[in-house]
Amino acid sequence: MNTLDSMLERNKEFAAQQSAAGTLMPSLPQATPNLKATIIGCVDMRVDPVHILGLKPGEALVIRNIGGRITPAVLEELGLLGRIGEVIRQSPAAGGEFHLIVLQHTDCGITRLTGDPARLAHFFQIQEGDLQAKAVTDPRAAVAGDVALLRTIPALPAKWLISGLVYDVATGLVEIVVPAAPIRTT
Ligand SMILES: [Zn+2]
């Protein structure tokens, strides 16, 4: 059985199980009581938030790019999600807290792009001379910088809890670099 056939077989199992459990979501809900977070993470196959954070269907929106970095493209997606999502806006009001989580990781492939500063600068939409500030080789500094950047975005709801995490690919554990706190306190 080839790769795609194998995946399609697994899809049939998934559909049967989810259908039996009543956890399929055939339409986009008006309010989403189980939605707890938006997660920005890396595309790396070792760091899928669904696996490492044990996410269940409907619990989180996940945006992934190289590095799990905050770029203009990610900010645009967050903005569009805000438009789609009355979904996101209603969720915190439906009771409980809502998290915005930046999840980066050790041994990230983005560090191998440091030899190509022009493309890396384009990814961040900054000048090559400003790349140092993005701390591409240091995930703890990078995640702290990206959380700080998100705090400057006025469109994000002040009461959302923002945090910065680094997943260690060697231990399988997540380290809290920036503890969860409201985006703005005013
Ligand atoms: Zn990565």
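Visitor: So two strands pair if DSSP finds at least two bridges between them. Then what is the bridge partner of Val166 in S5?
Guide: Glu175 is the partner of Val166 there. Keep in mind that this model is predicted.

Visitor: How many bridges join S4 to S5, and do they run parallel or antiparallel?
Guide: Six bridges join them. The two strands run antiparallel. S5 covers residues 174–182.

Visitor: What do S4 and S5 form, and how many residues sit between them?
Guide: They form a hairpin, with six residues between the strands. Gly172 lies in the turn, and its phi is positive, about 80°.

Visitor: What about S3 and S4, parallel or antiparallel?
Guide: Parallel, with seven bridges joining them. S3 spans residues 99–105.

Visitor: Which other strand pairs with S3?
Guide: Strand S1, residues 37–42, pairs with S3. That pairing is parallel too, over five bridges. Ile40 stands opposite Val102 of S3.

Visitor: New topic. Why is S4 largely enclosed?
Guide: Five of its seven residues are buried, so the rest of the structure largely encloses S4, residues 161–167. Buried here means that 20 or more other C-beta atoms lie within 10 Å of a residue's own.

Visitor: And S3, how many of its residues are buried?
Guide: Six of the seven are buried in S3, so S3 is also largely enclosed by the rest of the structure.

Note on methods: Residues numbered from 1 in each chain as written. Predicted model: local features only at pLDDT ≥ 70, side-chain atom pairs only at ≥ 80, totals over all residues. Buried ≥ 20, exposed ≤ 12 C-beta atoms within 10 Å, placed from the backbone. Helix = DSSP H or I, 4+ residues; strand = E, 2+ residues; numbered from the N terminus.
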